[in-house]
Amino acid sequence: MCGIVGYIGSQQASDILVNGLRRLEYRGYDSAGVAIVNGSLHVCKREGKVDELDRALKSERLEGSIGIGHTRWATHGPPSNENSHPHVSSDDSFALVHNGIIENYTTLKEGLVRKGYTFDSETDTEVLVHLIEDVRNSTGLELPEAVRQALAMVVGTYGIAIVSREDPDLMIAARKGSPLIVGVGDGEYFLGSDAAPLIEHTRQVVYLHDGEMVVIRRSGMDVRSLDNVPLTKEVHELEWDLEQIEKQGYEYFMLKEIMEQPTALENCLRGRVRPGDNTIQLGGLLEHMERIRAARRIIIVGCGTSWHSALVGEYLIEGLARIPVEVEYASEFRYREPILTDEDVVIAISQSGETADTLAAIREAKEHGALALGICNSVGSTIARETDAGVYLHAGPEIGVASTKAFTAQVAVLTMLALKLAKGRTLTDERFAEYLQGLLEIPNKIRDVLDIHEQIAELAQVYRYASNFLYLGRGYNFPVALEGALKLKEISYIHAEGYPAAEMKHGPIALIDRFMPVVFIAMHDSTYSKVVSNIEEVVARRGSVIAITDNGSDIERHCEYMVRIPQTEEFLTPLLTVVPLQLLSYYIAVLRGCDVDQPRNLAKSVTVE
């Protein structure tokens, strides 16, 4: 949440900062601002999206070759010019941008007020600015050491960047719980909350770890722990390229990413699913497979869409490999004092690899001796580093706030894991080979689903004005019903709920009338006859039925609308059934005039609790 960008070099900073903030805007878009050093410290910030800041900068024409920028997702204080970042010291000597939450900011603020400091905003960030200022003024320390000592007083999370009027060859950055990446150029350096603002300038990056601070000058950078211990950092090469984070002719990133799902899954499966050897190779888990197979239970943790993919994973691993699985909201996991032993395996799922609650759950698991595994999309992310082992999605960057291709890639990884655990345990070699072939056919079957996107767009025309939706599924497709409802809520602001289809009669059926669209996932599988009975119950109450089904079904007489998709193995159906639900949410949101990529109140990467 929130995006930080920085630049120091010989180029004009303002364009680099604004373009970087645009690429980070999916992390927050309540307000944006920059601070640029050129003899003096120039600050420009505006409530609203980055375009508002860009217009203001064009009128002010700020020049300078060092600066920092920020795009905000509000935590303390509503969106406003005053609460926007950067925040500046009382003497206008340095500016700071911040991502995270300072938990003891109230106590710190009270002490600073007693010393005579005044505050123009409601943010915890301004408290941090004046705390650094107070340490510097009271000790006479240089700014980097004042920052280090001030951060030692802070309780909470932060990713910060600082520039100084008094030293135009200095940028300071530090992190604890909020990601920061330094891009290395030729006599210039770039800073970002993730790789998106860096990739058009350099592919060489250094990942800052928790408890690290970097002092950057044009001649080089010095990374130290917050205890002032010098550190040697490895330079990594980014896997992404600029084309992947461009819209490439699509109106929205979300539609682009929906359409990328066949390719994303092919990349996810490539080299892992090996029909010639009749094997699945998950190299990141190789050393730990015996411990996973012998696990007393597997616990999968995640938030939002990742929690839904975890639920699919529970069905997959229990159904195919017969290993007990529990699924937990990461945000609740550590607070309920979970019972964990070294016989347990905890799998954390996160697209960004930086989700604060999921990271905390992993740390809790490791404290109890459980094997901690990660499934994430971002190479070099905190979860990837802190888990014992894991699997990357290789789905490519996902910019749209509402996750789509990350969900299907997560389900694909969980499918591969379930099959690998099941081989020789519950599956014969012959059956395993059939399942491998079915999995390899999924990308082309998703292409078939995407080919009927115009039919789904027409369906959206009918239901664009609905106030409520109900999504129902059974078995493997119950989590898909939850995910379909979440997508609609996220981007179109229509109230929607997902339920197991059989649970409808235990309460939600009271809501059904002719104005209530009910989306059924009704694949011709082991639950088909039961789902048909649930459909009939809705029809009897004059509900409007939309069915996602396949060519094996015969429920036309019950449905107002049907979307037919290809048939596949029952356990693979979530990879197909979710796609028309993503498209339906997208087209409804567009018709309602919603900002699909940047829905209100949401941010892509939730790095605060």
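## Largest cavity

The largest cavity holds about 70 Å³ of space. Of its 13 lining residues, Arg72, Thr75, His85, Asp124 and Thr125 are the closest to the centre. By class, the lining divides into 2 nonpolar, 9 polar and 2 charged residues. Here Ala, Val, Leu, Ile, Met, Phe, Trp, Tyr, Cys and Pro count as nonpolar, Asp, Glu, Lys and Arg as charged, and the others, Gly among them, as polar. β4 (66-72), β6 (94-99) and α4 (124-139) each supply at least two lining residues. Helices (H or I, at least four residues) and strands (E, at least two) are DSSP runs, numbered from the N terminus.

This is a predicted model, in which local features need pLDDT of at least 70, side-chain atom pairs count only at pLDDT 80 or more, and totals for chains, interfaces and linings use all residues. Residues are numbered from 1 along each chain as its sequence is written, and side-chain values use heavy atoms, with hydrogens and water left out.

## Cavity rule and second cavity

A cavity is a set of points, on a 1 Å grid over the protein atoms alone, where a 1.4 Å probe fits but cannot get out; lining residues have an atom within 4 Å of a point. Points are joined across faces, edges and corners, and a volume is the space filled by probe spheres set on them. The count comes to 3 cavities of 30 Å³ or more.

The second largest cavity has about 40 Å³ of space. Its lining consists of Leu285, Ile347, Leu373, Gly374, Ile375, Gly390, Val391 and Leu417. β20 (371-376) and β21 (389-392) each give two or more of these residues. β20 has the largest share, 3 residues. The lining divides into 6 nonpolar, 2 polar and no charged residues.

## Largest pocket

A pocket is an open set of points with protein on both sides within 12 Å along at least five of seven lines. The largest pocket has about 860 Å³ of space. It is lined by 46 residues, and Trp240, Asn377, Ser378, Val379 and Pro397 are the closest to its centre.

The lining has 15 nonpolar, 16 polar and 15 charged residues. α7 gives the most, with 3 residues.

## Parallel sheet

An open sheet of 5 strands runs in the order β23-β22-β24-β25-β26, with parallel pairing. Its edge strands, β23 (495-500) and β26 (561-565), each pair on one side only. Two strands pair if DSSP finds at least two bridges between them.

β24 (residues 517-521) and β25 (residues 544-550) pair in the parallel sense over 5 bridges. Ile521 has Ile548 in β25 as its bridge partner.
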